[in-house]
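This briefing walks through selected parts of one protein model, moving from its sheets to its helices and then to a single residue. Please keep the sequence and the picture in view while you read.

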Amino acid sequence: MEVTIQHIAEKLGLSVSTVSRALNGSYGVHPKTIARVQEAAQSLGYVPNLGAKQLVTRKSNLVGVFMPEMEKESIREFDDIFATLRKALRLYQKEILIFSVPFTEYKPNSLTEWVRMRNLEGCVFMPPFAKNHPLIKEAVKLQVPSVNLGSAVGPRCSLVASDDREGGKIAAAYLIGQGHRRIGYITGPPDVSICEERYKGFSEIFLTETGTLHDSAQLEYGDFGGESGAVAVLKLLARAPELTAVCCANDLMAMGAVMELARKGISVPQDISVMGYDGAFFTAYNNPPLTTVRHQYERMGTLAAEMLLEVMNGGAGRTLKLVPELICRESVNANQISTN
């Protein structure tokens, strides 16, 4: 006997319309109800007719997830976001198509072609795609329902992101609280907004807590790769050998700095403390384990899915920023040297 929606409704004591809406991942049905219906459908062996469903609803139920192809070494932040994003979208019966996009060589109008050829209902843009990237500019102009995890927001584009300025403040407050005043800072490329925000937050707290501006001689640039962190830390120490700590704008540069310091016989954290940013899972296995500022990856993935459904169902684009968290490990020591 073929299992129908009626059978599921009778099993759960729900109306047929509620079961139908839950199976279609309709916006406005409580996630717990959707989960109950999906579990019952699976236990009864219900198999939807997807072809008929698409003909009736004229929906593909496809969401494009756009991931950047980086030319240089980088941390794939979207790996930590993707699992919860996929789980949340599947709860609403949305399937994912992954698009790998060259970050620096985007071909104009590619997004328009992808949306129309694949009949995408919505798009999710992973970091570091930001508002000034041509892919995001095209998405805002096209007004395809979307969520950006970088910096863009528009009438049909919501933003869910980590609050980088607050993260910079967290890093500075922790290092200063550990007694450090002579702190080097390794930032990323100058044209990347998250670098600017993280350093602004760091500088604000440095000024508030020490009464002095952060010395520009104690600032060095990298490219987010580990090797650039290795080069930058040596430049900093050549200019300011009195540094007791180095704060980095991402984990790879911090790990590169730790590696290079070890090569030079400089011990972390006994001789100098090093702090990262991003909270990549593998930083726990660095030697020493890296103190870092971690994004709320899991919440970002779930919220990205929920905010996309809002826009897909007629809601206006909005912004939500999450404050990252401090992860204290063994790469930072309290500074016992007087700073007077």
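A crossover is called right-handed if, with the strands pointing away from the viewer, the path from the first strand over the helix to the second runs clockwise. In this model, which is predicted rather than determined by experiment, β8, α11 and β9 make a β-α-β unit of the right-handed kind. The points below begin with the sheet to which β8 and β9 belong.

**The sheet of four strands**

- An open sheet is formed by 4 strands in the order β7-β6-β8-β9, and their pairing is parallel.
- At the edges stand β7 (219-221) and β9 (273-275), and each has a single partner strand, so one side of each is left without a neighbour in the sheet.
- Neighbouring strands of this sheet are turned against each other by 20° on average, with direction ignored.
- Strands of a sheet pair through backbone hydrogen bonds, and the pairing can be parallel or antiparallel.

**Strand β8 and its partners**

- Strand β8 (residues 245-248) is joined to β9 by 3 bridges, and the two strands run parallel.

**Helix α11**

- Helix α11 (residues 251-263), the helix of the right-handed unit, lies across β6 (183-187), β8 and β9.
- The direction of α11 is at about 160° to that of β9.

**The sheet of six strands**

- A further open sheet is formed by 6 strands in the order β2-β1-β3-β4-β5-β11, with parallel pairing.
- The edge strands of this sheet are β2 (95-102) and β11 (319-322), each of which pairs on one side only.
- From one strand to the next, the twist averages 20°.
- Strand β5 (residues 157-162) pairs with β11 in the parallel sense over 4 bridges, and the bridge partner of A161 in β11 is K321.
- Helix α12 (residues 297-312) lies across β1, β3, β4 (146-148), β5 and β11, and runs at about 170° to β5.

**Helix α6**

- The buried residues of helix α6 (residues 110-118) are S110, L111, T112 and V115.
- An α-helix has 3.6 residues a turn, so residues three or four places apart point the same way.
- What covers the buried residues of α6 includes the strands β1 (62-69) and β3 (122-125) as well as the helix α7 (134-142).
- After α6 comes N119, whose phi is positive, near 55°.

**Residue Y221**

- Is Y221 buried, partly exposed or exposed? Its relative accessible area is 46%, which lies between the cut-offs of 20% and 50%, so Y221 counts as partly exposed.
- Leaving aside its neighbours within four places in sequence, Y221 is in contact with T187, G188, P190 and A232.
- Y221 and A249 are 28 residues apart along the chain, and their C-alpha atoms are separated by 9.6 Å.

Notes. Residues are numbered from 1 along each chain as its sequence is written. This is a predicted model: local features need pLDDT of at least 70, side-chain atom pairs count only at pLDDT 80 or more; totals for chains, interfaces and linings use all residues. Side-chain values use heavy atoms; hydrogens and water are left out. Two strands pair if DSSP finds at least two bridges between them. Axes are lines fitted to C-alpha atoms, for helices over the stretch in contact, and angles run from 0 to 180 degrees between N-to-C directions. Contact means heavy atoms within 4.5 Å. Buried means under 20% relative accessible area, exposed over 50%, partly exposed in between (1.4 Å probe, protein chains only).
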